[in-house]
Amino acid sequence: MERYSVAFVLALLLAIGVGLVTGGLGPTYALYLIGLVGMYMLLSLGLNVQWGYTGLINFSVAAFFGLGAYGTAILTADNSPIAGGLSPVLGLFVGLLLAAVLAVIIGIPTLRLRADYLAIASLGLAEVVRLIVLNEREYTNGSAGLRGIPGFFEGWPVLSTFPQAMPGLRIEVIPGSPIVLQQPFYQAVLNVGLVFVFVAVTFLLLRRVHRSPWGRVLRTIRGDEDLAEALGKNTYGFKMQSFVLGSVIMALAGVFYAHLNLFVSPGDFEPINTFYVWIAVILGGSGSNRGAMFGGFVVIAIREGTRFLNGIDFVVLDIGPLRLLAVGLLIILVMRFRPEGVLPPQRELIWPSALDDADVPGPGETQRPHAADGGDGS
Amino acid sequence: MSVLEYMANGLVFSSIIVLASIGLSLVYSIADFANFAHGDTMTVGAYSALVTFGFVGGLGARFLGLPLGFFVALAVGVAVAALVAVITEKVIYEPLEVDSIGMLITSIGVAFVYRALIQFRFGSDFVEFGIQVLRPIDALIPFGIRVTLHDVAIVASAAVLVAGLHTLLQYTDLGRKMRATADNPSLARVSGIRVDRITLWTWVIGAGLAGAGGVFLGLYNQISPRMGFNILLVVFAAVILGGIGSVYGAMLGGFLIGMINQLTPILTDIGIPIGIEYANAIAFVIMVAVLLVRPNGIAGGQGAGT
């Protein structure tokens with residue numbers, strides 16, 4: 001499975017590469033796709049904290065993502081009815097704060113409930129948030145959405161003028177189809193850099209906390225909540241912390257999206273966005289950070305790949321239902337044939353110092369030296 | 001509009017929600033998972049009836065302002081919804097080896113597949129049955145109530161179906177076995193009840209009622225691929241309010257949630273600035289509040305007493 005997943009990601013990157021040199025895919029768009037992959041990695045990492053580590057079924061991913069995006073957009077967008085023109089860094093903090101507050105509001109009534117009740121309730125509360133954003137026009141601009149959002153580095157020294165300052169380049173790998181690198185390309189470079197920093201920081205933070213005593217309690221809660229209670233742990237408190245942490249990471253993805261897309265609308269709160277992230281996590285393997293990253297690639301392949309199919313003349317299907325069908329079938333097939341996901345967590349669940357003494361293979365894995373996969377396996 | 005008229009609308013909408021909630025509650029108690037494909041099963045019923053009505057539309061005399069062909073279409077909608085659910089159970093749910101959360105997630109995939117296939121065939125626009133819109137019943141207008149014969153037909157049909165289900169559950173062998181299985185599947189199994197067969201019948205009845213609800217929802221509003229998913233959470237609210245697993249609780253919860261939904265405009269009338277656009281949001285908030293104070297719902301009991 002490991003090999004197939006790596007092959008899939010490589011094939012996808014190869015397709016992007018081939019598209020690039022043949023001119024079928026603009027370099028700016030390719031970078032945009034990579035930025036989106038990064039965004040889905042963030043979202044999956046966030047959901048992984050809640051579902052993968054702690055076993056919380058959160059069906060309000062889109063609400064946290066949307067609040068992150070709206071939080072920064074309301075402060076920075078040109079047509080924001082409230083503020084507008086403020087620094088994106090301020091927007092970042094407001095977006096994350098809004099998500100943390102919503103997480104507590106949703107968490108207080110629902111985290112004590114049975115798992116399937118949390119699923120239903122969180123989906124319902126996410127719809128309430130969507131309805132509020134859609135209908136409270138004097139604060140959110142309603143269905144028109146917010147436009148004129150600046151890039152994240154607006155107002156920063158050097159980086160804000162970086163795209164203008166870079167020279168235009170013309171590369172001709174294959175004669176007749178030159179690649180032209182101009183201002184939008186450098187803007188996209190900045191965006192990819194930004195999401196890379198976000199993902200890297202999140203990833204390192206999560207790896208740290210997951211292996212901390214705090215993370216071990218979360219895993220115990222997922223495995224056997226009564227046991228965690230019996231050990232004297234305040235499971236409700238731990239669940240709440242995990243819920244807020246995951247939600248803030250989702251909002252971080254939303255902040256990135258707002259400054260990538262430069263436009264946000266109530267459509268960003270649609271439940272389908274929640275299920276894209278769920279696909280990424282359950283397909284990759286719940287609790288597995290590598291899986292979360294793999295899932296990010298697959299979701300982009302579904303979302304953007306269907307767009308390409310539509311460009312082919314003999315495909316007459318609408319892309320909307322095609323995506324829906326792909327998402328639905330993928331959910332069913334994964335649950336039927338590989339409910340643990342293609343890259344289930346292995347070493348991530350093992351205390352790192354234990355690995356120094358013995359190499360413990362995960363389920364379905366053959367024995368191999370642990371140095372081969374970079375040591376930490378996550 | 002008068003309070004009486006809101007209540008009349010509430011009764012019509014409640015009838016639809018009740019039909020949907022019963023099925024959701026039945027499947028929740030016997031198959032033991034929250035079926036997120038239930039709303040889209042309603043959509044399947046609505047579109048099947050739409051197609052059938054295209055063939056038999058002009059058929060026969062009129063009854064309650066509806067051509068007899070509509071009732072044929074209704075029957076087909078019920079049958080197709082039940083058939084689709086049984087096939088789904090056999091092909092997808094039965095072979096699964098996951099817990100109830102896994103089933104829940106799978107049912108979301110099933111919902112998407114239903115909806116995608118409907119969208120491929122019918123597009124994503126709103127459509128209607130194309131039955132002539134009736135004038136409100138003259139006799140009721142002096143009371144400030146504007147309802148059409150179609151609304152009466154919806155309430156009457158729902159009442160017949162609910163009464164039929166009540167008879168089935170209380171007075172037939174199948175009904176008794178269903179109640180026993182819902183109460184305690186393992187005990188039912190050792191008592192010699194063939195639980196697999198009961199489960200299949202539960203799908204037939206639950207999805208059939210959902211199909212009927214979908215057809216009426218299409219008659220009441222319009223038909224679109226998202227209609228079922230849009231109403232699903234309202235139905236969950238009704239089921240949770242009534243108490244998951246209890247059929248009579250689902251009826252009561254469906255009635256209350258449908259009423260509350262249609263009475264929302266009164267809030268604006270008395271000066272609370274919460275408009276009709278928040279009707280669904282109110283249902284969800286009630287749902288969460290119920291979960292918080294009384295997780296077993298009004299009808300109480302631990303997954304009990306159908």
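The legends below describe close-up views of a predicted model.

**View 1. An edge-to-face ring pair in chain A, Phe59(A) with Trp278(A).** Across all chains, the structure holds 23 aromatic pairs. In this one, the ring centres of Phe59(A) and Trp278(A) are 5.2 Å apart and the planes meet at 80°; planes over 60 degrees apart count as edge-to-face, so this pair is given that name. The two residues come from distant parts of the chain, 219 residues apart. Phe59(A) is in the loop between α2 (27–53) and α3 (61–76) of chain A, while Trp278(A) belongs to helix α12 (residues 271–284) of chain A. Phe59(A) has a relative accessible area of 1% and is buried. Trp278(A) is also buried, at 2% relative accessibility.

**View 2. An aromatic cluster with residues from chains A and B.** Chain A contributes Trp51(A), Phe59(A), Phe275(A) and Trp278(A).

**View 3. Arginines over aromatic rings in chain A.** The charged end of Arg222(A) sits over the ring of Trp51(A), 4.6 Å from the ring centre. Arg112(A) lies over the face of Tyr236(A), with 3.8 Å to the ring centre.

**View 4. The largest cavity, with a lining from chain B.** The whole structure has three cavities of 30 Å³ or more, and the largest holds about 70 Å³ of space. Its lining includes Asn35(B), His38(B), Tyr93(B) and Trp203(B). Helices α2 (38–56), α3 (68–93), α4 (100–122) and α8 (195–220) of chain B each supply at least two lining residues. The most come from α3(B), which gives three. Eight lining residues are nonpolar, four are polar and none is charged.

Technical notes: Residues are numbered from 1 along each chain as its sequence is written. Chains are lettered from A and ligands numbered from 1 in the order in which they are written. This is a predicted model: local features need pLDDT of at least 70, side-chain atom pairs count only at pLDDT 80 or more; totals for chains, interfaces and linings use all residues. Side-chain values use heavy atoms; hydrogens and water are left out. Rings of Phe, Tyr and Trp (its six-membered ring) pair if their centres lie within 6.5 Å; planes under 30 degrees apart count as stacked, over 60 as edge-to-face and the rest as tilted. Helices (H or I, at least four residues) and strands (E, at least two) are DSSP runs, numbered from the N terminus. Buried means under 20% relative accessible area, exposed over 50%, partly exposed in between (1.4 Å probe, protein chains only). A charge sits over a ring if NZ of Lys or CZ of Arg is within 6 Å of the ring centre and within 35 degrees of the ring normal. On a 1 Å grid over the protein atoms alone, a cavity is a set of points where a 1.4 Å probe fits but cannot get out, and a pocket is an open set with protein on both sides within 12 Å along at least five of seven lines; lining residues have an atom within 4 Å of a point. Grid points are joined across faces, edges and corners, and a volume is the space filled by probe spheres set on the points. Ala, Val, Leu, Ile, Met, Phe, Trp, Tyr, Cys and Pro count as nonpolar, Asp, Glu, Lys and Arg as charged, and the others, Gly among them, as polar.
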